[in-house]
Each structure stands twice: as C-alpha cells, then as structure tokens.
Amino acid sequence: MSGDAELLDLAAGAFLLAAVGVLWRRDLTAQTSLLAVQGFALAAIAVILGADQAHPELYAVAAGVGVLRGAVLPALMRRAISARATDRETRPLMNVGASLLSAAALVLLAYAVSQPLVRLLGTASARALPMGLAVALIGLLILVTRRKALSQITGFLLLDNGITAIAFLAAAGVPLLVELGVSFDLLLAVLVLRVLTTRMRALFGDTDLDDLRELHD
Amino acid sequence: MSADTVNTASILVSLGQVTLVLIGAPLLAGVMRQVRARLEGREGAGIWQPWRDLRKLLRKTRIVPEGTGPAFRTAPLLAVACTAMAAAAVPLISTRTGLGPGADLIAVVALLTLAAAALALAGLDTGTAFGGMGASREMTITALAEPTILMAVFALGARVGSTNLPQIVAAGVQHGGRLASPASLLAAFALGVVVLAETGRLPVDNPATHLELTMVHEAMVLEYAGPDLALVELGAAMRLTVLLGLWASLFAPWGIATATGPAALALGLGVLAGKLALLAVLLAAGEVFMAKLRLFRVPELLAGSFLLSVLAVTASFFLT
Amino acid sequence: MNLIAVALGVAAALAGAAVLAAVVLPARLRVVAVGVLSALLGTAGLLAGGAALAGGSFAAHLPLVLPLAGVYVSVDALSGLFMAVAGAVVLAASVYGVGYARHAGGGRGAQALWPLFAFSLLLVPAAASVSTLLAAWELMAASSLLLVVSGHRGGGDSVRSAGVWYAVMTHLGLVAILTGLVWLAAAAHSETFAGIRAGAPGLSPVARGGVFVLVLIGFGSKAGMVPLHAWLPRAHPEAPTPVSALMSAAMVNLGVYGLVRVGLDLLGGGARWWWLTVLILGALTAVYGILQAAVASDLKRLLAYSTVENLGLILLGVGAAGVFHASGHDELAALALAAALLHTVTHAAFKTLLFLGAGAVLHATGVRDLDELGGLRARMPVTSGLFALGALGAAALPGGAGFPSEWLLLQSLIHGLAVPGITVVVVLPVAVGAVALSAGLAVATFVKAVGTGFLAKPRSPAAEQAHEAPVSMLAGMSLTALACAGLALLPGAAGPALRRVVTGLLPGSGAAVTEGVAGRLSALGSTLSPLWVVAGTLVLALVLRGLLRMAARTPSRSAPLWDCGAPPLTARMQYTATSFAEPLQRVFDDVLAPESDLDVTPHAESAYLVERVAYSRAVPDRIEHRLYNPVIHTVRRAGLAARALANGSVHRYLGYGFTAVVLLLVVLAAAQ
Amino acid sequence: MNTLLLLTPLVAPLLAALVYAAFGWRRATAHAGTAAAALILADGIALAVRVMRHGAIDLLGGWLRADPLAAFMLMGIGTIALLAAASSPAYLAAAHGPDADLGQINAAANRRYGALVACFLAAMSAGALAGNLGLAWIAIEATTIVTAFLVGHTGTRAAVEAAWKYTVICSVGIALALLGIIVLYAAARHAGLSESAALDYRALAAHAHALDPAVTRMATALMILGFGAKAGLAPLHAWLPDAHSQAPAPVSALMSGVLLPVAFIQILRVKAIADQVLGAGFTRALLLTMGLSALALAALLLIAQRDYKRMLAYSTMEHMGLVTVGAAIGTRLAMAAVFLHIAGHGLAKAVAFITSGHIQHAERTTRIDQVKALAARQPVVAGIFAAALLALLGFPPFSLFASELALARAGFAAGLGWPVAAAFTLILIALAALVTHTAAMLLGNPEGGGRPAAPDALNLTARTPLITALVAVGALGITAWPISSLIATAAQAGHP
C-alpha cells in the first residue's frame, strides 16, 4: 500500500521533472523526448492508481494514454521538427533562469491552491495532485513565453497532461467516454496546429510566432 | 383697483394725450433747440421753428425712391402710430388712461421698440450703406437698452406688484416718500440714461449732425424726404416727449390727475407742460456741455445704467 | 367612445398607411400620398390633444407590445398640450412637405421615415410608463436622426458630422434619462407612472435629487440646454426643412415635457436647488443662444440658435415655477408654468413659420447664407410677408406671437420677489435681465434676418433668380401664419386649456391665469390686451394716413435713391448680415471670441500697393470648443493608446489569460 | 419521437457534411447546408413546443437533454445557420475573383467549406443539447477544431495567423474549463454522485448542497474563465477580432451569432449550479468583472478602429459583455432580457457580417477609410448595413432596445445600479465610435471618392434573407409573443 504511494510519488515527481526539463531545454528535439517521458509517466500514474484502487479499466485508459501522449503526439512533433533540423528556442521572451524561478513560484501556488481539494479527498493519491496543477501552470508559462510555434504546441501538451494527471489523481479518471472524447479532441487540436505550422512555414518561412503581427489594431 | 375701469372719460383722456403729444412734441424740440442756441450765443430760430419745418415738409410732393419696398414706405407711419399709441397708454395728464388695465409698462416699451425696429427695417430697405449702418447701430443700442428699461420696470413694478402704469404712478402719488428711496433714485438715473439712448440724444447720438462716422438715427432715415421725413421728425420728437413724460410721471408724479374731472385734468396738463419744459431745458443745457461718445463706448454707458437698474432692483428689495 | 382613443388609433393607422405608401408608391404619387396622410395624422394628433385639453383623458395597457415591458398609454391635459402642438406642426409641415419633397426628389427612405417621426412625436407625451416613454423617445431619436442625414448627398461632410453629433448627443441624453428613470422606477418599485407617483414621496432625497439631475441632463440636452446644446445648431440646419421645422418646433418641446412630467408630476416638485439650477441654466441658454443667433449669418443656423434661446426662456419659466412651488407659492408657480407652456406653444407657431419660410428661400435660391440673399421681397412677396410675421413673433414685439408669452413670463418673475429667500432675490433679477437682454437681442437678430435677407437688393445671382414657392408650401406657411396671428392677438383664448394643465400639475394653485374677453391676458393684477394695442395702433396709423392724404396736394412720384449723391448703387455697397452684426459682435467680443483673419496680398511690383485683401470671420460655438473638444481629444487619445492592447502578439494575448488565471488562483488560495 | 427530435440536429448536418465530402460543392449540393439548417430550425421549434408541454427531454441517459434553453438555442442556431447557408453560395461566388487578397478559392476549398460548416453546425447543436459537462466540453472544443480551418479558409498569411491565434487561445481557454470540470467532478464524486451523474448538469444542480464550497469555487472560476474564452469574454478574448475578420463572412456570422452564445449558455448552466453552493455573490462578482472589462476593451478598441470587420467583431464583444452583465444580475427579468438580447444580437450581427462580406467583395478592402459614400453608390447594401447597425446600436423598434431596457431595469431593481450605469456609459462610447465609422463609410456624395458601384453587389436572392432577418429583429422588438413564454421558462430555470 505504502509502496504504491511511493511509486505514485515517484511517477508524479518524474511527471513534474519532465515539465521542468521542457522549460529548461531550448532544443525542441529534447523537449519532445521529455514530452514522451512525461506521457509515459502519466500512463504509469494511471497504472499505479489502477492497481491501487482496483480499477481494471484504468489499465486500458493507461494504455491509451501511453500510446497517445507517450508515442503518437511526440512522434507528430518530431516529424514537424525533422523538416527543419535547426529548430531551437533561441531567444524566449523570458530567459530560462527567470522562467525556472517563476516555475518554482507556480509550483508553490499550485500547492497552495489545491489544498482544499487535497483536504477534501484526503486520499494518498490526492497528495500528488498539486504536481499535476503545477505542470498545467508550467504549460501555460511556456505558451506565454516561447516564440516557436512548436514550443507552443509543447506547452499546450504540458497543460493537457497536467490536467489529465489531475483527473487521474483526483478522481481516478473521468468517465471513459469523456476521456476518449478529450483525447480525440486533443489529438485533433495538435493535428490542426501542426497543419497550421507547416502552412506558416510555407508562408512566413519561419515559425517564429512574433512574425504573426499582421492582425492588430 | 380704480385704474382698471375704462369709461368714455378715460378714453377721451387718452385721445387728449395723443393730440397733446402730437402737437406738443415739435414744440418741445423747438424749446430745446432754442435753449441750445441761446447757450451757444446764437439767436435761435424760435420755438415754433420745428412746426414751420413740418408744415413745409408736409406740403412737398411725396417721393418714393426707386427700389424701396413697403417697409420703407410704411415705416414712418408705423413709427408715429406706435409712439402715439404709447402716448395714449402712458399716464401723462391723468392716471385714468383709455387702456386702463391694458396700459402696461412692458407693452409701452415694446411699442417704442417696434417703432425703432420699423425705422431700422426702412433703413435696410433702401439698400444704401448709410441706411444699413444706421439700422445696425440703432438696433445695437436698442438691444442693449432693453434690459435696462425692463430692469427699471422690474424695480418699480415689484413694489406695486404690477407692471400696470396707472397703478405704479398712482402708488407714487399716494406715497411720495417712496420716490426718495434709493431704489427709485437709482432706477430714475438708469432710466434717464436709457431715455437719452432711445431718443438718440447726446452723448449717445447727435441729432444735429450728419457726419457719417457719428450718425446713428439720422443715417437710418437719410433717404426720407417730404411728408415722410416730416413723419420721421415728428415721430422722433414724440418719442422724446413720451419718454420724458413717462420718466416724469414715474419719478415725479406730483400733480398728475388721478381722476377725470376737468379741473384735475387742467392742473395735470399744466403741471405736465411745466415738467416737460423743465426737463427739456435741463437736457438741452446738458447737451451743450457734452460731447458725443464713440459708438463703441456707448455699450459701457448702457452697461453702467444696467448695473444701476440691477442695484435698483436689489435695493427695492433690501432697503424697503 | 373616447375621442382621444379614436384619434390616437386613427393616427397610428395613418402612420402605418403613410409608411406603406412611401414604400410602394412611385415617386410622384408617393410625395402627395405621404403628405396628405401625414397631414391627416397631424390633424388626428391635434384632435387628440385638443380633446385632452378640453378635459378628456384616456389610458390603456397593451401587454403584448414591447417585449418584457408592455406599453402603457395615458393622456392627460399636459400630454394633450404637447400632443396638440406636435400635431399642429406636423399638419403644417406635411402640407408644406408635398411641394418641398417634390422638389427635393422625395427619396423612399425619407418619405417613409417622416410619418414615423411624426407619430413618435405624438407617442412620447402619451407614454405612461418608463419603458414606453423611453421606447417612444428613442423611436423619435432614430427616425429624426435618419431624416437629418437623409440629405447627405447634397450636404456632404457637414451633414455627416451633424448626424454623428446628433446621434451621440441624443444617445448621451438617452443614457441619462434611462439611468434616471430606471433608478426611479426601481426605487418606487413600479414601472408605470401611476405607481411611481404613488411611490415617489417615499424616496430618499439623494435618490430624488440624483434622478432629477439625470433627467435634467437627458431632457435638457434634447431641449438644447446650454452646455448640452451643441448638436442642435448642427443638426437643425442640415436637416431637410420640414424636418428642421418638426425638430425645432415640436421635438425640442418634448425635452421640456419630460422635465415637467418627471420633475413636477412624478417627483411632485422637489427641493428648491433643482429648480434654481434649471432656472439659471435656462437663463444662460437664452442669452447664449440669442447671442449666437445675433451674429449668425446662415439663416437656418440663426433660427436654430433662436430655438436654443426660446427653449432657454421656457426652461427659465419652468425653473421659476419649480422654485415658487418649492417655496409654497403655488399661484406664482402656476403663473410661471403657464407662461412657460404658453411660450412653448407660441414658439412652436412662429418657429415653424420661420423655418418653413427659410426652407422656401432655400428652395427658391439654394442659398442659406444671408450675406448672399437680399431683395426677395420683390421676387417672393408672400413668403417674405409670412416670414416677417414670424420674425415679429420671434422678436416678441406687439403683434407678434412671442409677445404675450414673454410678457406673462416677465409678470411671473416680477411677482416672484414676493417669495422669501436670499437666493431668489439674487437669481430673479438676473433672470429678468436675461429675459430682457435676449428680448432686445432678438429684435436686433430678426431685424437683421428680415432686413438683410428679404429687403434691399439681391446680393447674388441666386437671389436674383429667386421665385415664389409652390402653392402647397405657401399653404403650409399660411396655416402656421394664421396660428401665429391668433396667438398674437387672442392669447387669452389659450387660457382655459393652460389653466387645466397647470391645475393638473399644481393642485394648490387657484385661478392664477385668468382670461377675459377678447383674449385679454391677466396675471395677478397686470393685464395685457394685445388685441387692443394692435388695433389701436392700426387705427391711429390709418387716421394719420388719412390726414396726410388730405394734406397732400400733389400725388406722390418716384425718383432714384439719393444715397448722398453717390454713383449708382450696387449690391456690394449694402450692409450684409455680417456687417450688420459687427457692432454687436464687437460688444460681446469676450463672450463670443470670434475668429477673424485678414490676409493682404501686396502687389507684385511694390509692397505698398495692395492687390487683394481677404477678410474672413467665423464665430465658432465657444462652449463647443472649450467643453467638447477636450473630451473628444481625450477619448481619441485613449483609443489610440488602447491599440497597444491588441498589438497582434499571441504571447501577449495568452499572457492576459495566464495573468488572469494566476491572479485568480492567488485570490482563491488567499481566500481559504 | 423524442429520439428523433434530439438526434436530428446532430445527424442532419453531419449528413450534409458527408454529402459535401462526397460530391463537393456544386449547384445540386449547394443548398444541402441550407436544408440541414432548416431541419435544425424546424426541430428546434418542435422541441420548443414539446418541451413547453411536457418538460425537459432526456436521451442517452441525460447526455443529450432538451430543456427550454436548449430548444431556444437550437432555434437560434437554425435561424442563423439558415441565414448563413442561404448567403453562402453568393459569398463563395463573389469570392471567386481576380483579386489576390481574397485568395484563390477553388472547388476543393468550396468542398472543405461546405463540409466544415456542416460539422460546425453539428458541433454547436451538440453544445446546445449537451446535458452533461463532458459532452459540452467536447462539443465546444470540437467547434474550435472545425472552425480553425474555416478561419484559415482563404489561406492567406493573415488567415493562417488568425487561425493559429484562434486555435491556441481557444484551446488554452477550453483546457482551463476542462481543469475546472475535472475539479468539480472530483468534488461531486466525493459527494457520492455516480460516475455519470457527477458531470450531469441536472444531477449536479440537484445535489449541489453536498458539494464542497472551496473546491466548487475553484472549479466554477476555472470553468467560467475557460468557457468565457470561447464566449469572447476577457481575458482570453483576443482571438475574436482576428478570427472574425479573417473567416468567411457567413462563418463570422455563425460565430458571432451562435457559437459565442452556445459557449455562454454553458456558463449559465455552471452558474446555476455554483449559485446553489456559493450563493449568487461569487459568480456575480466574477461575471461582472469579466463582462465590464469586455465592454471596456471593446469600447476602447472601437474608438480608433480602422477595419470594419474588426469593428463588427468588437461590437460582438461589447454585446457579449453586456449579456454577461445581465447574467451577473441573474434575476428572471434579467435572464429573459439576456436571451432576447442573444436572439436579437445574433440575427442583427449575422446580417451585419454577411453584408460586410458583400461590401468587402465590392470594395476590395476592409479598411474603413477606403470605403466612401456607399449609400450613394450601393443603396441596398448600405441600407441593409445601416439598418443592421441601428439594430446593434439598440434603436427601436429593433428588439435589442427592448432587451437592453429590460436589462437596465432588472439591474437597478437588483441593486446593481452602478455596474449597469457603467455598462451603459461604455456602450455610449462604443456607439459614438460605431456611428462615426459607419457614417464615414456610408454617407457623402460619390464625387467625393470611392469606386464606382459594383454591378449587382446584392441580387434579390442574396438580399431577401438579410431583409427578412432584419424584419424579424424589428418584429421581435415590437412584440415577442411567439417566443416570450419560451424565454420566460428558460429564464426561470435555475434562476429563482
């Protein structure tokens, strides 16, 4: 039982670390692989919870999550990158140091905010819940501070992983139907963004989002 | 109020006042000219001269300048008629005038303004530069004189609780003490200035000059000749008479008849003649020693009189 | 069967029919049909108003109309007065409009909007609930706005800016009224006037005062109250003439109606400071309006500013009534109110006549600038005569429609000194001074308008080719002229109606306004019988004329003008409106702050020989410059600065969300 | 019968989408979308009648639920979809032009357009009928995905940029909503609700008392923020002008007219639950802040606006802000006003956007200062545009006047005088800006500049639906009896 809890904490820690790593690394390829790691960590969380709370269908969900977030989505990203090997997040709007510090602040915030929920649920898994929230917030931070289109997709994925993690930790996953819908939508969203990225490359020659300044008042 | 009753007698009084003003006005003008002449060391043409002029002018053929319209033709007639109507309303000899309750101070002022406006339109109708100039200046002065008059009316009427002339005058007769009050003194002075302005006397306007820069009233009527000119002259004289008479009845009502008995009327007539003569002499004497103001200094004068009338109003409230 | 109900129903039906006719009929037929139907609509309104003034009343509730509110209609004497005025103006203007629109082309839209506007003018005074009033009010605003801009093809930018100004100002007014009335309704827990009347006494003074200030802003702006008048001298001149007439003579009155309805009726009087404010603003408005009119040389602009002046006088009267009422002198209040209402009526009469006349001039010459006109009396005699009659009324001289009402106003003020209180003593003399000054300036103004516009010789080819207006236009003007004459000579005839209105609002007042035989008008011991004055003057004039005829020996002959023996007179020598107003402008230099510029082009050879001297003068609306421009500039600058908020950076956009989320979470965390 | 009624709005458009996918966009298929829209409208009316008679209808265990509000929204979707679909052929025909800035739109693009619009309709119907937070979320996110390509339809740089911003911002917003949903779900599960009930609007409302306040507060805040992004409310509003200005006119019409309201009713449903747990104060404060800031932003950015399609978009934002303020007031009258306003605004704004599309095609520009004297050159287009704007500015007889008036009354009656006054002041600023810009576009005489009139910028078939819609808005403003009872019941639901 306690072993499960430790495992869970371990998985959750890896989950959060992956996010921090994404924030740290400028190389998009590295970011993508970190993303894959995180996806698997997420799947691991699901498995552990399934074992812990004897929810057999969670294994299926875990499998799905692992495939989608650990394999498919990162693969999609990698393909987008391979088109242009030199994709690096050269000069983010907020330099890495600062963003790491603010990430720390966000983690604290996440802890503070999720206290009511933790207290309410009171389960062992719930204690890991703030990590999910923290990851979601870090995802937002990346969305706001990174220039490359792909980094924004990464941020979006982090946000979504965080939310899914919360779903697992707080309520052992939402109903299967919803889970499927969510994942499907996520997949589509990423696909859309990828298509747009390629179009953007075709039209703008680069995927630096600061070039997207034609529409303004 | 006794003044409200209108009967044949009072109507006769009004008619009498009208004829009196019609006849007396030129005389008044004559007196003033004579006084001026004497004071300036001239012989003077005698007080009947205005009448002679009028007779002469009336005999002449009436000339209608080309390009002038009905406004130009009817204006003199209208001016005289309005002034005459005012004369009928203002209590000169007696407070029992024909309009009785209708003899309203504001109405009288409006009538006189109407006369001025008619002449101004006539001046514009000629289409000459002088006509326009005169009209413009005359109207400016009238526009600025109006408030003063009405404020004075306000000061006087507020006390009596009415703007009905007979009532105001009658009240003045009954308690003469009030006439010495600061209110009525201030009002008297203010109204006096306005009378000068409205009748085109010095220092506002010089009836004797035809110098284009200084002309106001004369410029307006420059195109008139013959009988029309006679009417204009007559109108101006009547205007002076009526306003002086009004001033006299408002601020020195003593002797004015409050009834329609022949004796009272006779007395009133005599007293009126005396007052007017006195005022005329004073005015003429004053004008000898006075120079005409520049046109654009006139507003200052009128503003001053307006201030006085405002003071009069407030005084009439605080100090009584 | 209730006559008012029938008349209003008929009016509604006619409005619908007219709109339909405007949409479906071909141009030529359209103009006539709309004109006739609208004239009938006006007549119906006149009848309804008359019936209400005769003591009738009518109330109805239509729950299905106007979603979420329902329509409440109720007509009493006060509504009746304004309804009758509006109806009469509509009648005259519609008849006139037939000829005018045929000339102006009579576009489908404008023709369809006209009856709508006319009907909304009848609807506003009939409204008996906050929602109904606001709906009718806004309907009126919308239709008139579209009518104002309907002439945009000819007018170009001036029309556009006029439309924009009008739209914004009227909506500002609407927001003020809406806020005030809705506040009132919420505080009184009822939306209908009856309920508000019942609930108003229980309100806190703050609420009452706040509501009053708000509605004063709203209705005041519609009534052209300084400093909210800025739209009026822009919109009224630019609108097609019948519309200007309807706006100037009927629409602006409804501002007064609203103020009286809410201030005196719904709120039942109120504190003294409310009405002192109204009184002072009214005095300012009157003087400022007439000053601008005195120096204006655009005929319609002049008339618009004269509207501002007269509405100022009316507001002054209403304010005085309120002050007296607040001080418990209901007789005086009744007198002042009657004066204000009478002036509303007379002003409507002569202002309609004047605008229609100006429209006839515009129609005949295509010129609005008095400096370009002149000599019309020979070319369009009827119009000139009618315009002169109207001008006589506007100048408030005996024989003019404006004279009795201004007389009554002065009476009420003069008797006002009986009211105790230091403020009154200070304010009333100033008020009288304002009335007097505006009266004097009005004389100068309209002497200018008639003298330089219609008399003398034409100063432009356009004025030379002027021709008399078509019959329908003359008919419309003549109708109004009759009304003017009637009001000028027999003002007392309006007495009973006025008394009914006034006593309806101020139950405490006795028969303050009495009327005697022959339209004699009496007020607390003073009496005016304009009929006698005018008749007497005319009799005297005729007698004199007879005497002169007898005295004359030779028949009169005509001769060229002497003009000091100057060479033949050219039109360029005449005094124009601008030059006529020059002395006045000089006198009031500090108030008007005119902008004149003079550029001298020296001759090529020598600097001492002048080749050309160009002098231009403009008297801008100073309040507009000082008050509105800064606001407009501030808003503009804010708008330009705000562009940075949407600078196109997706990071910034997401940043908004991120910041919001973080803040929200922090707040939530802190809230635990 | 019920099954049919609840499934038609989803199936009909999907079928249309299949038709387009299979046969492409051609004369025969051009009006498949119109048919689907008409079906949705008819279905909405039928549902409305049925719901008013027998109360709410459930399907699939409450995943789909038709209550008065849903029926009302379906009618709205149907009407505006009808409008958009009816004017789509004209739009696409006009979009085929030599001009480059509109992009070459070829058959494939048309096929994609038809299919995507149909899917868009299906997604929105799902969002309207969703009786379950999960389905609602999926539907809303689906609309984002579908419309992303519609926004980028013309394929220009600007279009791609708009599409990117639209997708990213909306996805982020909707993700926040998902976070909120999950938190609420956790709370509900902990309160003992079954898996399916824990997301069900009605079940949640029924067991609201059992929910933990602190957690619910967090969930509500996140959900309102998230759905607010899709409803065009601050802070995640910025996608709105870009997307609306780049999307094809009929799509902009659909977005402004119904997409935003569909997202907005999710907020209303969430509010109904939250208010029982937290009392009205919390959501009221939140919605007031969001609504007023949306109003303020819209007013500010309208002042110096240079592009008339963006202008219309900001006006949409202004109206959504006002509607949000109404929701914050939350009394019955306020909610009725909100629904009436949504209806009126949807129609008027749809007309305005579609007309702006015609203007764009005729003038080859969307800049305000390059369009002059339109009223003189193209009276019909200008007339319709002006009428639509008058309606949007809230002039009677159009229904927006009635709803704004009722909203003000409700606000003061609820003691929210100051916010309402502030809202109307901001609306005044917005009006000043809109009037100035519109006058600059429409008025004046053609000699002053501007191109000669395009031959028939608006033929009869294109103008009829627009005029009909405007007449409808006017009729709604004079009397709303056909839908008044529906609105009233919808307003009553959850808003005692």
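Which residue of E6(C) is the bridge partner of B:Val64? It is C:Ser558, and the pairing around it is a handy way into this model. The model is predicted, with local features needing pLDDT of at least 70 and side-chain atom pairs counting only at pLDDT 80 or more, while totals for chains, interfaces and linings use all residues. Residues are numbered from 1 along each chain as its sequence is written, and chains are lettered from A and ligands numbered from 1 in the order in which they are written.

E1(B) and strand E6 of chain C (residues 557-559) run parallel and are joined by three bridges; strands pair if DSSP finds at least two bridges between them. Strands here are DSSP runs of E with at least two residues, helices are runs of H or I with at least four, and both are numbered from the N terminus.

Chains B and C share the most contacts of the four pairs of chains in contact, where two residues count as touching if their C-beta atoms, placed from the backbone, lie within 7 Å. Chain B puts in 69 residues and chain C 67 residues. On the chain B side, at least two residues each come from helices H2 (49-59), H3 (70-89), H4 (105-126), H5 (129-160) and H11 (298-318), and from strand E1 (63-65). H5(B) gives the largest share, 19 residues. By class, this side of chain B holds 43 nonpolar, 18 polar and eight charged residues. Nonpolar covers Ala, Val, Leu, Ile, Met, Phe, Trp, Tyr, Cys and Pro; charged means Asp, Glu, Lys and Arg; the others, Gly among them, are polar.

Chain A meets chain C too, with 18 residues from chain A and 17 residues from chain C. Helices H4 (96-121) and H6 (129-145) of chain A each supply at least two residues of the chain A side, and H4(A) has the largest share with five residues. That side is made up of twelve nonpolar, two polar and four charged residues. Chain B, though, does not touch chain A, their nearest C-alpha atoms being 55 Å apart. No contact joins chain B to chain D either, and there the closest C-alpha atoms lie 38 Å apart.

Over in chain D, helix H10 (residues 249-278) has 30 residues and spans 41 Å from first C-alpha to last, close to the expected 44 Å, which is 1.5 Å times one less than its number of residues. H10(D) bends by about 40° at D:Met255, the bend being the angle between axes fitted to the seven residues ending there and the seven starting there. Just after H10(D), D:Gly279 takes a positive phi of about 80°.
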